[in-house]
Amino acid sequence: MAFRINHIHLKASDPRKTAEWYEKAFKFKIVGDETRVFGDRFIRCQSEDGGIAVNISGARTNERLGPGDAMPHHGLEHFGFDSEHLETDIARLEGFGAKLLEGPIQNPGGARIAFLRAPDDTRVELVERPKAI
């Protein structure tokens, strides 16, 4: 069996508010909202194309969450989204409260990228692929 990514899981102090941000920002669809047996609110989201599941939950009963870190670090550092036009998407996301951290950066002979701080101090990347000539 080939391995594929099953889901991305984000932790949030207010899972619904965070899910609604991604719904506005990246057209996620909220497909479930429940309190699990672990005591956490658990929101299931789907990317616009249905290709990836993103789960957003709060702390479980008696669980203490550490702070987020939108800066470069070891471990899962960020996740990326395709962008048709970086400057347009950066301005749109900043309008929703995201903060530009880096970029736009032109990779020689490749994509342009930018990194932003999203809710809960999550680092996201926008990727604008080169236009076909």
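Predicted model: local features only at pLDDT ≥ 70, side-chain atom pairs only at ≥ 80, totals over all residues.

Colleague: Rings, then. How many aromatic pairs are there?

Modeller: The count comes to eight. Take Trp-21 and Tyr-22: their ring centres are 5.0 Å apart with the planes at 80 degrees, and over 60 counts as edge-to-face, so that is what this pair is.

Colleague: Are those two buried or exposed?

Modeller: Both Trp-21 and Tyr-22 are buried. Tyr-22 also pairs with Phe-79, this time stacked, at 6.3 Å centre to centre and 25 degrees between the planes.

Colleague: Switching to charges, which rings have an Arg over them?

Modeller: Arg-60 lies over the face of Phe-38, 5.6 Å from the ring centre. Another case is Arg-123, whose charged end sits over the ring of Phe-115 at 4.2 Å from its centre.

Colleague: OK, the core. Which residues touch the most other members of the largest nonpolar one?

Modeller: That would be Tyr-22, Phe-26 and Ile-56, out of 25 residues in that core. Elements that each supply at least two of its residues include β1 (7-11), β4 (53-57), α2 (86-95) and β8 (122-128). The element giving the most is α1, with five residues.

Colleague: And what is Ile-56 in contact with, beyond its neighbours within four places in sequence?

Modeller: Among them are Leu-10, Pro-15, Ala-19, Tyr-22, Phe-42 and Cys-45.

Colleague: Back to α1. What length should it span?

Modeller: At 1.5 Å a residue, its 12 residues should span 16 Å, and the end C-alpha atoms are 16 Å apart, so the two agree.

Colleague: Which of its residues are buried?

Modeller: In α1 those are Pro-15, Thr-18, Ala-19, Trp-21, Tyr-22, Ala-25 and Phe-26. They cover an arc of only 155 degrees around the axis, so they sit on the same side of α1.

Colleague: What's on the face turned away from that?

Modeller: The exposed residues Lys-17 and Lys-24 are carried there.

Colleague: Last one: what follows α1?

Modeller: Lys-27 does, with a positive phi near 60 degrees.

How values were computed: Residues numbered from 1 in each chain as written. Heavy atoms only, no water. Phe/Tyr/Trp six-rings, centres within 6.5 Å; stacked < 30°, edge-to-face > 60°. Buried < 20%, exposed > 50% of the residue type's maximum accessible area, 1.4 Å probe, protein only. Lys NZ or Arg CZ within 6 Å of the ring centre and 35° of its normal. Core = buried A, V, L, I, M, F, W, Y, C linked by side-chain atoms within 4.5 Å. Helix = DSSP H or I, 4+ residues; strand = E, 2+ residues; numbered from the N terminus. Contact = heavy atoms within 4.5 Å. Expected span 1.5 Å × (residues − 1). Arc of directions from axis to C-beta.
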